[in-house]
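Please open the structure in your viewer and keep the selection tool at hand. The stops below go from the whole chain to single residues, each with a note on what is there.

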Amino acid sequence: MRTNHVPKATLQRYPVYLKALRRLQKNGIKRIMSRELSSFVDIEPTTIRRDFSFLGNLGKQGYGYDVDRLIDIFNQQLGVDFDEKLILVGAGNLGRALLNYNKWDHVVGEVACAFDVDPEKQGSQFGVNVWSMDDLEEKMPKGCRIAILTISHDVQATVDRLVKAGITGLVDFTHQHFKVPRGVVIKSIDVVSSIQELVFITNSMNEPAQRQRD
């Protein structure tokens, strides 16, 4: 399947479905209806059925979906790799928090190792080796494509080096502008903006009640 024909909103929901399906599989669930899956992912059953239709005719009316088959299809057709080896660049406070978490529910893999310029942060943290940035090319896992950035200095130079080493996907916590060549994808994570958006939404929800009281 060519995912460029799938709506962006649908692609963004696929990891949510996959995470739920992996948990169901782990709990021994073999078959599930769209309305049952809806309660796990908080997405309408009609939306689930439409999203799954882009992957082919996956379910049977009255029977539902085979959990194992759905997971296999996500893996094969969407190119999901449960053993994806991620690297973390920057083992400061945020980086350490991510290393401590490092539990991705068997959906995307794990942080295989980390890198930092500070010798005091190098060594082993939460069972993950933290290497010197000098050793990046040598210690980076073979075939590694995705790096998580939590650094605050020399961001562009570090990104250039990562791209040259084969990184094609960047999870960006830096809040700094940097450029990448065509074919490299950036996913920026901005917690402050997310909180601001939530404040706006909750204020908007409260406005009708406030108008009624007035």
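Begin with the surface of the protein chain in this predicted model, which comes to about 13500 Å² of accessible area, with 50% of that area belonging to carbon and sulfur atoms. Switching to a cartoon view, you can trace 8 helices and 9 strands in the protein chain. Of its 214 residues, 35% count as buried, and among the contacts with a separation of 6 or more, residues 24 or more positions apart account for 55%.

Next, select helix α3, residues 45-53, and display the side chains of P45, T47, I48, D51 and F52, which are buried. Looking down the axis of α3, you will find these residues on the same side of the helix, because they cover an arc of only 160 degrees around that axis.

Now turn to the cysteines. A search of the whole structure finds 0 disulfides, a disulfide being a covalent bond between the sulfur atoms of two cysteines. Select C113, which takes part in no disulfide, and go from there to the nearest cysteine sulfur, that of C144, which lies 7.1 Å away; the cut-off for a disulfide is a pair of cysteine sulfur atoms within 2.5 Å. Are these two cysteines buried or exposed? C113 has a relative accessibility of 4% and therefore counts as buried, and C144, at 4% relative accessibility, counts as buried too.

For the next stop, select R161, which is found in helix α7, residues 155-164. With a relative accessibility of 28%, R161 counts as partly exposed. Which residues does R161 touch, if those up to four places away in sequence are not counted? They are M133, D134, L136 and E137.

Finally, return to a surface view and select L198, F200, I201 and M205, which form a nonpolar patch on the surface and together have about 450 Å² of accessible area. Within this selection, pick out L198, whose place is in helix α8, residues 191-213. L198 counts as exposed, because its relative accessibility is 54% and the cut-off for exposed is over 50%.

Methods. Residues are numbered from 1 along each chain as its sequence is written. This is a predicted model: local features need pLDDT of at least 70, side-chain atom pairs count only at pLDDT 80 or more; totals for chains, interfaces and linings use all residues. Side-chain values use heavy atoms; hydrogens and water are left out. Buried means under 20% relative accessible area, exposed over 50%, partly exposed in between (1.4 Å probe, protein chains only). Helices (H or I, at least four residues) and strands (E, at least two) are DSSP runs, numbered from the N terminus. The arc is that of the directions from the helix axis to the C-beta atoms. Patches are made of residues with over 30% relative accessible area and no salt bridge: like charges are joined within 9 Å, nonpolar side chains (Val, Leu, Ile, Met, Phe, Trp, Tyr) within 5 Å. Accessible areas come from the Shrake-Rupley method with a 1.4 Å probe; for residues, only the protein chains shown count as cover. A salt bridge is a side-chain nitrogen of Lys or Arg within 4 Å of a carboxyl oxygen of Asp or Glu. Contact means heavy atoms within 4.5 Å.
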